[in-house]
Amino acid sequence: MIQINSYTTVKRRERVPHEIFATYWRDVHGTLCSRLPGLGLYIQHHFDRNQDAHLWPLADGVSEIANYELDGGVEIGFASGDDQKIFQDASSILFSDEQNMFEETLAYDLPEGSKKLVSRLNDSTLNGPDRFDRIHVHFSPRSSLAQLHDYLNDELGAVLSNADEVLKLTLHLPARFNNDGMHPPAPNVAHIANAAREELAIMEVAFESPLARRSFFESKAFQSTLHGHARHIAQLKAFAVSGLYTYVNDKKLTTAGLRGSRAAELIDYLGAINQRSPEVEHLLLHGSLDD
């Protein structure tokens, strides 16, 4: 059971080509992070900057967060404070690697964890391109962050939860970002949030397809929520998910965490069950077939 959660936004270094960035993040940085002791949950959400601009409607009075581009979001979780401390004590080798592909990382604490309101997809250990139309929407509050969180949880979340088109709905509701400079010591990586990003709420929504998403936005049920958007949301930005990669789940390494994401995809594609045998996994973890 995960007790401590965070959601980290990531932006690649602009002069690192996206394909190189995504591959390094998946197969080099991802396996390094997943091997650190104490980790209970590790999921990479990769974003596509080039998907269409109709990801989420802007209600009257709500604007888009300006100059806000991301290449992904990360879920990190721990079963206890002791596990988190073990991870933090070992993580200097991880943070020193961030400068190779990240320009900016902002880690938001989730005091109440991530809350799944709808979960119709069997994707708790998904590794690969997203087969569904999934978006992450980042909202900044019109008045208070607490009121925005309540609105997303109780009102807007209720409407989306009851919609047949919504296959998954998860809320990541962070505390206010602390610009105290005390974030992980990753050299040459920015950790400062501007005013629009100090207070955020994140909604992860999955649909069958972009057509299903756009049709839902035209429905009476969703259109009836737009007035509430204007009351509670000042700005927002939506990001399209291109892939979902799970490295650690319930304190257990997935094949992606053990072998790398692309190797895990090949193993699944070819049905190479021998590569997932206890003997092979023990050899890869310990360098020996002996106990």
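## Briefing on strands, helices and selected residues

Asn 67 lies in the loop between β3 (63–64) and β4, where helices (H or I, at least four residues) and strands (E, at least two) are DSSP runs, numbered from the N terminus. The structure is a predicted model, in which local features need pLDDT of at least 70 and side-chain atom pairs count only at pLDDT 80 or more, while totals for chains, interfaces and linings use all residues. Residues are numbered from 1 along each chain as its sequence is written, and side-chain values use heavy atoms, with hydrogens and water left out.

- Although Asn 67 is not a glycine, its phi is positive, at about 55°.
- Between Asn 67 and Arg 259 there are 36 Å in space, C-alpha to C-alpha, and the two are 192 residues apart in sequence.
- Asn 188, found in the loop between β9 and α5 (195–198), has a positive phi of about 65° although it is not a glycine.
- With a relative accessible area of 59%, Asn 188 is exposed.

**Strand β2 and its partners**

- β2 pairs with strand β4 (residues 72–78) in the antiparallel sense over 6 bridges, where two strands pair if DSSP finds at least two bridges between them.
- Within that pairing, Ile 43 has Glu 75 of β4 as its bridge partner.
- β2 also pairs with strand β11 (residues 233–249), again in the antiparallel sense, over 7 bridges, and here the bridge partner of Phe 47 is Val 241 in β11.

- Strand β10 (residues 201–207) is largely enclosed by the rest of the structure, because 7 of its 7 residues are buried.
- In a regular strand the side chains alternate between the two faces of the sheet.
- Both faces of β10 are covered, with Ala 201, Met 203, Val 205 and Phe 207 buried on one side and Ile 202, Glu 204 and Ala 206 buried on the other.
- Strand β8 (residues 133–141) pairs with β10 in the antiparallel sense over 7 bridges, and Ile 202 in β10 is the bridge partner of His 138.
- Strand β9 (residues 168–172) pairs with β10 in the antiparallel sense over 5 bridges, and Ala 206 in β10 is the bridge partner of Lys 168.

**Two buried residues in strands**

- Asn 5 lies in strand β1 (residues 4–12), and at 9% relative accessibility Asn 5 counts as buried.
- Leaving aside residues up to four places away in sequence, Asn 5 touches Leu 41, Ile 76, Gly 77, Asp 109, Leu 110, Gly 113 and Ser 114, where contact means heavy atoms within 4.5 Å.
- Ser 140 lies in strand β8, and at 4% relative accessibility Ser 140 counts as buried.
- On the basis that residues up to four places away in sequence are not counted, Ser 140 touches Leu 148, Ala 196, Glu 199, Leu 200, His 232, Ile 233, Ala 234 and Gln 235.
- The C-alpha atoms of Ser 140 and Ala 195 are separated by 9.5 Å, while the two residues are 55 residues apart along the chain.

**Helices**

- Helix α4 (residues 145–161) bends by about 40° at Leu 152, the bend at a residue being the angle between axes fitted to the seven residues ending there and the seven starting there.
- The buried residues of α4 include Leu 145, Leu 148, His 149, Tyr 151, Leu 152, Leu 156, Gly 157, Leu 160 and Ser 161.
- Helix α1 (residues 18–34) packs against helix α10 (residues 261–270) at an angle of about 80°, with their axes 7 Å apart; axes are lines fitted to C-alpha atoms, for helices over the stretch in contact, and angles run from 0 to 180 degrees between N-to-C directions.
- That makes α1 roughly perpendicular to α10, since angles under 35 degrees count as roughly parallel, over 145 as roughly antiparallel, 65 to 115 as roughly perpendicular and the rest as oblique.
- Thr 23, Arg 26 and Asp 27 of α1 make the contact with Ser 261, Arg 262 and Glu 265 of α10.
- By class, the contact of α1 with α10 has no nonpolar, 2 polar and 4 charged residues, where Ala, Val, Leu, Ile, Met, Phe, Trp, Tyr, Cys and Pro count as nonpolar, Asp, Glu, Lys and Arg as charged, and the others, Gly among them, as polar.

How values were computed. Buried < 20%, exposed > 50% of the residue type's maximum accessible area, 1.4 Å probe, protein only.
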